[in-house]
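Please look over the sequence and the model shown here before reading on. The notes after it are meant for a reader who is new to this structure.

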Amino acid sequence: MFVLALRTLRICAGDPSLTKLHRLTGLPRTTLHDALALDRATLPSLDLIERFVRACGCDGTELELWRATWRRLKHQLSTLKSQGTGRSSARIHAAPMPAAGMRPPVALPTASTSPGPGWPVQPLDADWRNAESDQAVDRRPGPDAGTADDPPRRDHTRPLPANLIPRQLPRDVATFAGRDQELAHLRTLLGTPDPSEPPQIVVVHGPAGVGKSALAVRVANLLGNRFPHGHLYVNLGAATAGMTPLAPTQAMRRLLRGLWVPPAEIPDDVEESAAMFRSLLAQRRVLILLDDAATEAQLRPLLPGSGGSAVLVTSRTRLAGLEGASHLCLGPLPEDTSITMLNALLGDDGRATAEPAAARHLARLCDHLPLGIQIAAARLVARPTLPIGQLVYRLLDERHRLNELTAADLAVRTSLAATHNGLRDSRDPRDRAAAIALPLLGLVPMVDFGVGLTTALLDTRSPTAEQILERLTNAHLLQETRPGRYRMYGLVRLFARELAATLPVQTAAAARTRVLNLLPGQALIPGVTPMRAFTQAGPVVPYEVGTATVSRPSCA
């Protein structure tokens, strides 16, 4: 068909966006969108064809061939109309093949042939044509229609065909354990979609490796029936190793492609694409899972406008500035759940049952974090004869614990580094200051500390120290145990200590001196004086001393 040739010409010209074609032709985007629609009932105007062909780089000879083809088809359509053939005759394919030497875009398929490899028709268009009736589309502007320069809009009242409903959720984790209270709370928060209410937005935040994504995928699968029009998923890449956080425009393109919008029809402008996204969801109930979000600014354009859909967000930061969102802070697993998960990962081979004390100790050394337990279990699965107690013995040496918690492409150190790098590379100077502070905090082997010690350690003013501690807490690299008092998770403390080893010698010595002057003779860790803590080689105290006197970390 003639429109198919126009679309192919556009692809061969580099697939320019509607915005770019608008600039080159001077025609509104909606006019261009309608002209390229495969289900249109009439030929585009000759003026539009001439502008479009010139914009795609055709020379004078090719332009004349397009004009001749258009006039020939126009005459055939007029003849068929006078004979009373009806609207279906508008989809005429009987156009002659181009002259020799003409570029591929001008080649028109005949009625007896189907497009071959040289005709890159997107499957979506065919699916939409088959799913939609052959009745004319009412293109009259409604009361809320925009101007001619607004982004093109589909008929959103029609449901997606069953074979086009997006089901993009990642694979559910078979070894998922516990979290019954969190699952129940999330199901309550997401509730039953109500188009008359604002959309439900729920943020699940917590430290690295705590199982945020696994929990979100599990609850999304449990709520699947509440969202009959599908599930969309985008990994926003805030703390994914080797991945740069997606810009809102990139994330929006992925969401719109998930709703079967052809890439060429997605506006380049983020506000235009966000408006298209909201329009597509206006009459649908879709669950959107936005995994590993970085900031509120990254999320805002990706939110639906009506209450029929819901958004579930995971993040390592609290995203407290996201308007209208509910929040669930996810903490480490309870000890019994950690053992249940370890058993499941080991395939119930009996080792956890045979060594219950070692299994519990292993879970503590992993901070009861699912990522750490998963890595430890992978190490044990790789060596079926290795006792759990032997792995515990290796992990007890704090200098090498992070090295031991590595298996295949999983590593606790890599996960923590992604969080730290996110602060370091942030545009917010307060985040960058927090990234600088973490290695300095790693200089002091402390269980619990406050603003005063941090002020001395960082050589700054108290308000600035409070801001830095707040940023580190927001990123879940610190835990606020009570107002003004902070502690690090065990694995974070070891990571901070590794970062401290990279500090210039003079910087580290000056920071230690400031702390010693602040706390002369006092013990930072029970039974260990500051001087011994700073000078003794190797781990200062066994891991148990740092955990036995403090209750299991919670998400505060």
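What follows is a short briefing, grouped by topic.

This is a predicted model, in which local features need pLDDT of at least 70, side-chain atom pairs count only at pLDDT 80 or more, and totals for chains, interfaces and linings use all residues. Residues are numbered from 1 along each chain as its sequence is written, and side-chain values use heavy atoms, with hydrogens and water left out.

**Nonpolar cores**

- The largest nonpolar core has 90 residues, and among its members Leu186, Leu362, Ile388 and Leu472 touch the most others; such a core is a set of buried Ala, Val, Leu, Ile, Met, Phe, Trp, Tyr and Cys residues joined through side-chain atoms within 4.5 Å, where buried means under 20% relative accessible area, exposed over 50% and partly exposed in between, with a 1.4 Å probe and protein chains only.
- Helix 22, at residues 490-500, gives the most to this core, with seven residues; helices are DSSP runs of H or I with at least four residues, strands are runs of E with at least two, and both are numbered from the N terminus.
- A second, separate core of 30 residues includes Ile201, Met276, Phe277 and Ala293.
- In soluble globular proteins, nonpolar side chains tend to be buried together.

- Once its neighbours within four places in sequence are set aside, Leu362 is in contact (heavy atoms within 4.5 Å) with Leu342, Ala376, Leu380, Ile388, Leu391, Val392 and Leu395.
- Leu190 belongs to helix 7, residues 180-190, and is buried, with a relative accessible area of 1%.
- Not counting residues up to four places away in sequence, Leu190 touches Gln200, Val202, Leu223, Arg226, Ala310 and Val311; Val202 is 12 residues from Leu190 in sequence, and their C-alpha atoms are 7.2 Å apart.

- Three strands form an open sheet in the order 8-10-9, with antiparallel pairing, where two strands pair if DSSP finds at least two bridges between them.
- Strand 8 (449-450) and strand 9 (479-482) are at the edges with a single partner strand each, so one side of each has no neighbour in the sheet.
- Strand 8 is joined by two bridges to strand 10, residues 485-487, and the two run antiparallel, with Phe449 opposite Tyr486 of strand 10.

**Cysteines**

- The structure holds zero disulfides, a disulfide being a pair of cysteine sulfur atoms within 2.5 Å.
- The closest cysteine sulfur to that of Cys56 is in Cys58, and because they are 6.6 Å apart, they are too far for a bond.
- Cys56 is buried at 7% relative accessible area, and Cys58 also counts as buried, at 11%.
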